[in-house]
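Subject: Structure handover and findings

Dear colleague,

Please find the structure below, followed by a summary of what was found in it.

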Amino acid sequence: MSGSLSPALLFALGLFAALWLLAGLWATVRGIAMQRRSAFVAGQAERLASLVEASPQLPVIVRADWRIEASERLGRWLGLDRGPRNFDELRGLDSGLDAQGHDALRQAILGAQRGAKPFVLSLKPEASNRTIIVHGAAAPNAVGGPGSVLLWLSDATDGQHALAHARSERDEAMAAFEALSGLIEAAPFPMWFRDTDLHLALVNGAYVRAVEAKSAAAVIDAGIELCETVAGVSAAEAADEARIAGSAQVRTIPVTIEGERRIMRVVDVPLVPGRAIGIAGYAIDIQELETERGAHRRFVDTQRELLDRLSAAVAQFGPDQGLSFANLPFRRLFALEADDVPEARPFARLLDAWRERGRTPEVRDYPEWRQAHVDWFAQAGASEEDWLLRDGTHLHVVAQPTPDGGLLLIAEDKTEQVQLAGARDTLLRVRTATFDNLFEAVAVFAPDGRLHLWNQRFRRLWGIDEGTLAAHPRVDALMGGLADRLVKPNQISIVQEVIRAATLERQQRGGEIGFADGRYFDFASIPLPDGNALLIMLDITPSRKMEGALRERNEALEAADKVKTAFLSRMSYELRTPLTSIGGFGEMLQAGYAGKLGDQQRAYVDAIMDSVAVLGRQIDNVLDLAQGEAGTLAVEREPVDVRALLEGALAEAKLLADGEKVELVGNLAPDLGHIEGDAPRLSRLVAGLLDNAVRYTVPARRTGGRVLLHAAGDLRGIDIIVSDNGPGMPDAVAAVTRGQQAGTPSGGIGLALARQLVAAHGGTMEVVSEQGQGTLVRISLPRSA
């Protein structure tokens with residue numbers, strides 16, 4: 001037994017070896033599993049550490065003994081050279097936390113350690129521009145042990161900047177909102193805002209005033225609408241249409257503003273198209289605009305009506321170069337068809353049509369000419385051209401671009417003016433020739449006093465050479481060297497003053513000057529319509545000589561007239577003295593102082609007395625005539641019964657008329673009344689007219705002679721008419737009645753004296769006489785002179 005093992009031992013050894021092997025295998029498998037688990041945990045730890053390192057927040061554990069467990073990032077965040085190992089290292093000399101922030105963090109950690117109270121702090125390291133937000137709380141026992149505090153640090157620098165920027169934007173937005181609100185409130189036109197239910201939520205002051213409400217709150221509470229329902233559409237429905245359409249909706253409707261009916265343009269605007277946020281609206285008063293538009297339309301119509309009455313041809317083209325208007329002269333001048341204006345025919349096509357009708361000038365390159373004129377629309381200023389048409393018509397064409405891109409075309413027919421210009425040139429040549437051949441010396445001075453035109457007689461009169469006049473000297477320089485030509489040299493200033501008055505004062509003046517050679521000239525300066533002055537000098541030397549002769553003759557005639565007047569007065573006195581004696585003795589004979597007279601003797605005495613009376617009247621007439629011619633005829637002023645005076649004159653003329661077998665008829669109105677005058681002279685006046693009428697009336701073969709005395713009157717005066725059907729006045733007597741001749745027969749003297757007596761009484765006398773028809777004398781005398 002000693003030399004061999006028993007089977008039981010071998011079994012036991014085998015079993016032990018098998019168990020050991022199994023244990024080894026299990027240990028090996030477990031070791032491998034644990035190794036794998038350790039590697040997994042290490043990988044997980046590394047990943048967690050990477051996640052923590054990459055996290056925007058940094059975990060920091062502050063243990064009860066104030067040791068710190070943290071990543072190296074903490075040092076970088078605090079601006080330290082290395083990561084801190086205890087709490088005091090968080091505060092450095094020129095980095096880390098400042099004293100205030102360090103103490104605040106210490107107190108917060110103590111509070112978390114004692115009461116497990118979490119906290120939040122905002123720290124700013126001294127050597128960094130970072131802002132660190134610290135969230136702290138008591139750490140779990142598994143993390144840091146009892147008394148530890150877990151801190152989570154986050155870099156809020158960017159967030160703070162964003163927050164500050166957001167706050168700034170918020171402040172700016174609030175300021176803009178307040179400014180916008182103030183602007184809306186101060187807006188002079190109504191504005192409003194509707195909520196999602198289309199109810200009024202905001203109105204401005206103009207809205208409140210427009211609806212005459214107490215306040216904006218009253219408007220919103222009562223839902224007072226500015227716009228009433230028009231065509232079945234209310235204000236809210238119009239806002240809903242804007243929301244559905246997603247764009248602003250504009251309406252022009254009548255609205256009552258502060259009790260006055262106005263035309264308003266109402267606009268509803270969705271604030272965010274496609275989203276039910278709200279609808280804003282505003283209303284603008286366009287009453288004046290509509291009024292101005294109507295006035296503008298009326299102005300355009302009136303302007304076109306006025307253009308139709310102009311003689312110039314005017315056409316208007318729109319921005320599309322189409323013809324929009326052409327007045328009647330333009331249509332006639334360019335032979336426009338009836339459809340050219342309604343169809344808005346383009347300008348280029350009109351040029352082609354005008355070329356075919358000969359209404360454009362003939363040019364070498366028409367396409368180039370046509371394009372140049374189409375370019376009128378794009379030019380900045382006006383263009384002017386003269387067109388010579390094939391029929392000889394001269395047109396002046398002006399093209400003015402309009403602000404709206406159109407064109408105003410004006411064509412004026414200058415044919416007549418061109419012809420007149422040619423005629424004017426001819427007239428200028430005729431004027432020059434006429435000036436040079438006038439008998440008067442003529443010169444024209446400009447408004448500045450310079451010599452403008454002259455004729456050769458003017459040059460020769462003053463003895464001036466042509467070169468001096470061609471220099472157009474001023475009047476003072478010209479006349480200053482001509483004073484020695486005059487008898488009185490200082491009179492040259494009178495000529496200068498006359499020219500100055502005509503050019504500056506526009507007054508016509510004249511005068512007379514004498515030359516040293518014995519000639520005399522009458523001169524005058526006349527203002528011309530163009531501002532110039534015309535100087536005319538007329539040689540009056542012959543007339544001066546004739547004037548002297550006439551003056552001498554006049555003086556002789558005046559002396560002869562005085563002699564005649566004295567002779568008439570003397571002769572009248574000499575005649576009246578014996579005539580008075582004859583009349584006195586005749587009256588004594590008629591009274592029977594020389595005894596009783598027989599019939600034959602009485603007839604002789606009556607004839608003597610009649611002749612004395614006639615001769616006395618003739619002497620009185622001669623004296624009155626002489627006094628009238630001398631201007632010394634005086635008449636008495638006293639009431640005169642006109643009817644009695646005329647009846648007496650008829651009675652005196654009756655005897656003569658019966659003797660001459662002439663019918664004497666009186667036609668006197670019953671209401672002649674009285675006038676103020678000299679009764680004896682008026683009586684002689686009428687008697688003389690009747691006497692002349694009877695004496696110059698020769699009885700006709702069939703009807704006989706007839707003299708008519710007619711008188712009528714009114715409140716202003718009386719008319720006395722003496723007419724006859726005799727042969728009419730001889731030419732010599734008619735001349736006396738017109739004051740053309742003296743010393744004519746008695747009839748002429750009577751009419752001339754009658755005219756003077758009538759004039760002395762403030763009346764008028766008219767004589768109408770025709771050969772073979774008779775004579776009519778009308779005398780009009782006022783009631784009072």
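A residue is called buried under 20% relative accessible area, exposed over 50%, and partly exposed in between, with a 1.4 Å probe and protein chains only. At 42% relative accessibility, leucine 15 therefore counts as partly exposed. This is a predicted model, in which local features need pLDDT of at least 70 and side-chain atom pairs count only at pLDDT 80 or more, while totals for chains, interfaces and linings use all residues. Residues are numbered from 1 along each chain as its sequence is written, and side-chain values use heavy atoms, with hydrogens and water left out.

Overall composition

The protein has 785 residues, of which 34% are buried. It contains 22 helices and 27 strands; these are DSSP runs numbered from the N terminus, helices being H or I with at least four residues and strands E with at least two. Among contacts (heavy atoms within 4.5 Å) with a separation of 6 or more, 46% join residues 24 or more positions apart.

The region around H10

The structure holds 14 aromatic pairs. For these, rings of Phe, Tyr and Trp (its six-membered ring) must have centres within 6.5 Å; planes under 30 degrees apart count as stacked, over 60 as edge-to-face and the rest as tilted. One of the pairs joins phenylalanine 317 and phenylalanine 347 edge-to-face, at 5.1 Å centre to centre and 75° between the planes. Because phenylalanine 317 lies in strand S11 (residues 313-317) and phenylalanine 347 in helix H10 (residues 347-356), this pair ties together parts 30 residues apart in sequence.

In H10, the buried residues are Phe347, Ala348, Leu350, Leu351, Ala353 and Trp354. They pack against S11, strand S12 (323-326), helix H9 (328-333), helix H11 (366-374) and strand S15 (407-413). Just after H10, glycine 358 adopts a positive phi of about 75°.

Charges over rings

A charge sits over a ring if NZ of Lys or CZ of Arg is within 6 Å of the ring centre and within 35 degrees of the ring normal. Arginine 355 lies over the face of tyrosine 366, 4.2 Å from the ring centre. Arginine 519 is placed over the face of phenylalanine 515, at 5.5 Å from the ring centre.
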